[in-house]
Amino acid sequence: MLFDAHAVTLSPSEQFVLDLAIVSVAIASLLFTDSKFKSKNPGIIFTIIVILAVSGRLLLDPIPNVQPVTFLAIMVGIYFGISYSIVFATIVTLSSNVMLEHGIWSNYQIIAWASIGIIAAFLRGQFIQNNKLNITNVAIFAAFSGFMFDWIVSLSILHNVDTSFFLIYLLNGLPFDLLHAGGNVVFVAWLANPLSELMDRHTSLTSPEVVSELASN
Amino acid sequence: MSSLIMLSVIVVIVTMLSYFAVNEENRLKSASVVFVSMLLVTFGTISEELGEITTELVQDDGDPHYGLPSSWNGTQVVCFHFPSESSPEDFDQGRYHIDTSGITIFVDDNWENGNVTGACVGGFEGYEEGLDLLNAAVNVTGDSFSLNVTEFSFGLQINSIGGVSPCEVYTCADDFSSGAYWELLNDGAYSMVGISDLTLNDDTVITWQIASY
C-alpha cells in the first residue's frame, strides 16, 4: 500500500516547530560528533558551516529576519579571515536565494554579509582574547551587524524609489532590524562558544600562535 | 504613538527581568530569547504604529482615500488591486503608492492583511473623464499596468491589467455559469457606468480589482 506523503499539510506554526527541530538536531549532531573528527582541513568545516547557513536560512524563513547567516558570517570572519568571508557570503546568498528569491538585492546581500565578515576579521583581536571568544564583544557586534546588513540591503530600493523616501523606509524597517539584531544575539549566546571550539580545532593555521610557531621553524 | 511607547517599555522591562532572573552565565541566553520572542509577539502592532507615524496615511475608513497618503487628499487616484499570489512581478510585496512622476513613495505591506497587492497611482488633478485618468496612471507606471481591452459599442471591456487576466486567477466555466472580471469601483463603491462613461470629481479614487461570480 502506498501513502501520498505530499498530501499531508502542516499549519505554518507546525511547520516552523518542525523546521526548528530539524535545525537544532543538525547543529547538535555537528557539535557532539565533531570531537571524533580529526581532520585539520579548514575546507571541510567551512563547507559544513556553509551548508548550516543555507539550510538555517531556508528553514527559519517563516520568522521575519531571524536566521543564522549573519552570525555565521561573523564567525567565519573571525576564524577563517577575509577571503573565506567573501566566499561564504557569495555561496550562501546565491544558494539560498535560488529557493527564496533571486534579484538585484542578492548583490547587496552578498556585499553586506561579506562586509560583516571582513570587519569581523579585522576586529579578530577584540573578539578572541586569551585564546577564548569574548561573547560580550561578539554579541555587541552581532547586534550592530543586524542593522548594518539591513541598511546595506535597503539601498537596493533606491533603484525604484526616490532618495527622499529612503529614510522613511529605514524607519519603517526598524522592527525588522531589531529582530535581526536580537536573533543574532540569540545565536551568539547559544552557539558562539561551542562553534568557536569546533572552528578552532579545524582552523589552527589561522591562529596567530601557530603561525608564529611555523615561521620560527 | 502611546501604544508604541507602552509596548516598547514592556519589551524592555520583560527583557531586563529575564536577564536578572537567571545566573550570570545564562543571562545573555535568557534575555536574548525573551527579547526576540516579545518582539515577534508584538511585531504586527509595532510595525503598524511605526508605519502610521512615519507616513501619515488617511485613517478614516469611511473616506475613499482611506489608507492612502494624506498628501494625496483632494487629488485623483487610480488603484490596481491583485490577489497577492497573482500580482505583476514588481508589485508583489504590498500595495505600492506611486506619485505622478512615477516614484514610489510608500509600500503598504499589510494592506487587507497582506492578501491584496498592487499599486495606487495618485496625486492627479484636473481629469474629468475616467478613461483619461486611467490612461494617465498607466503611462506613469510604464508598462507595469498595461491594459488589454476590447472595444464594444457599449464601452470598453478590460481583459487584462499588467498581463493579469481574471480567468487566470479564478476558474471560468466555458458555459459562463461561473467566471471572473475586472471590477471598477468609484470611490469604493461599485461603479454603475463603465470607465469610458465615468465622470470624475476632484478627489475621485478609482479602483480596479478582480471579482468573481
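Burial, helix packing and the chain contact

In this predicted model, buried residues, meaning those with 20 or more other C-beta atoms within 10 Å of their own, the C-beta atoms being placed from the backbone, make up 32% of the 213 residues in chain B. Residues are numbered from 1 along each chain as its sequence is written, and chains are lettered from A in the order in which they are written. Because the model is predicted, local features need pLDDT of at least 70 and side-chain atom pairs count only at pLDDT 80 or more, whereas totals for chains, interfaces and linings use all residues.

Q: Why are α2(A) and α3(A) called roughly antiparallel?
A: The axes of α2 (residues 42-59) and α3 (residues 69-80) of chain A come within 9 Å and cross at roughly 165°; angles over 145 degrees, on a scale from 0 to 180 between N-to-C directions, count as roughly antiparallel, and the two helices are therefore described in that way.

Q: What makes up the contact of α2(A) with α3(A), by class?
A: With Ala, Val, Leu, Ile, Met, Phe, Trp, Tyr, Cys and Pro counted as nonpolar, Asp, Glu, Lys and Arg as charged and the others as polar, the contact has nine nonpolar, no polar and one charged residues.

Q: How many residues does each chain give to the contact between chains A and B?
A: Chain A gives 22 residues and chain B gives 18 residues, where two residues are in contact if their C-beta atoms, placed from the backbone, lie within 7 Å. The largest share of the side of chain A, 10 residues, comes from α9(A), and by class that side has 17 nonpolar, four polar and one charged residues.

Methods. Helix = DSSP H or I, 4+ residues; strand = E, 2+ residues; numbered from the N terminus. Parallel < 35°, antiparallel > 145°, perpendicular 65-115°, else oblique. Buried ≥ 20, exposed ≤ 12 C-beta atoms within 10 Å, placed from the backbone.
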